[in-house]
Amino acid sequence: MATVMSRDEVVDALVERGVPRDRAVQYADSFAQYQAASVNIAEYGAIIRNPRTGQAVPNPYLKVREGALKALRSMQDIDAAFLW
């Protein structure tokens with residue numbers, strides 16, 4: 001993922017390619033969550049320290065990214081390869 005696109009940029013790009021606006025918004029919301037989670041994981045790592053206990057724990061953004069990716073995969077009818 002070279003550049004981070006805003007949610008509105010993703011919606012506009014999908015609508016320009018013929019995706020109905022409501023579906024484009026759904027895709028863009030999940031894509032934005034995926035991007036934000038990926039940026040967080042890249043910055044802080046997959047394992048972080050719990051701020052309260054100091055124990056090593058999985059980064060909670062791993063679950064966010066997983067959920068967003070699951071939602072994106074459920075919308076395979078949308079041709080969004082250009083975003084990746």
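Modeller: Helices here are DSSP runs of H or I with at least four residues, numbered from the N terminus. By that numbering, Y27 is found in helix 2. Keep in mind that this is a predicted model.

Colleague: How do helix 1 and helix 2 pack, at what angle and how far apart are their axes?

Modeller: Two packed helices are described by the angle between their axes and the distance between the axes. Helix 1 covers residues 7–16 and helix 2 covers residues 21–44. Their angle is about 140°, and their axes lie 8 Å apart.

Colleague: What does that angle make helix 1 relative to helix 2, and what is the hand of the crossing: left or right?

Modeller: Roughly antiparallel would need an angle over 145 degrees. The angle of about 140° therefore makes helix 1 oblique to helix 2. As for the hand, helix 1 passes helix 2 in a crossing that is right-handed.

Colleague: How many aromatic pairs does the structure hold, and what kind is the pair of Y27 and F31?

Modeller: The structure holds three aromatic pairs. In the pair of Y27 and F31 the ring centres are 6.3 Å apart and the planes are at 20°. Planes under 30 degrees apart count as stacked, so the pair of Y27 and F31 is stacked.

Colleague: Are Y27 and F31 buried or exposed?

Modeller: Buried means under 20% relative accessible area. Y27 has 4% relative accessibility and F31 has 0%. Both Y27 and F31 therefore count as buried.

Colleague: Which kind of pair do Y34 and W84 form?

Modeller: Y34 is in helix 2 and W84 is in the segment after helix 3 (61–73), so the pair links distant parts of the chain, 50 residues apart. The centres are 5.1 Å apart, with 65° between the planes. The pair of Y34 and W84 is edge-to-face.

Colleague: Is W84 buried, exposed or partly exposed, and which residues form one aromatic cluster with W84?

Modeller: At 47% relative accessibility, W84 counts as partly exposed. The aromatic cluster consists of Y27, F31, Y34 and W84.

How values were computed: Residues are numbered from 1 along each chain as its sequence is written. This is a predicted model: local features need pLDDT of at least 70, side-chain atom pairs count only at pLDDT 80 or more; totals for chains, interfaces and linings use all residues. Side-chain values use heavy atoms; hydrogens and water are left out. Axes are lines fitted to C-alpha atoms, for helices over the stretch in contact, and angles run from 0 to 180 degrees between N-to-C directions. Helices (H or I, at least four residues) and strands (E, at least two) are DSSP runs, numbered from the N terminus. Angles under 35 degrees count as roughly parallel, over 145 as roughly antiparallel, 65 to 115 as roughly perpendicular and the rest as oblique. A crossing is left-handed if the near helix is turned anticlockwise from the far one by less than a right angle, and right-handed if clockwise. Rings of Phe, Tyr and Trp (its six-membered ring) pair if their centres lie within 6.5 Å; planes under 30 degrees apart count as stacked, over 60 as edge-to-face and the rest as tilted. Buried means under 20% relative accessible area, exposed over 50%, partly exposed in between (1.4 Å probe, protein chains only).
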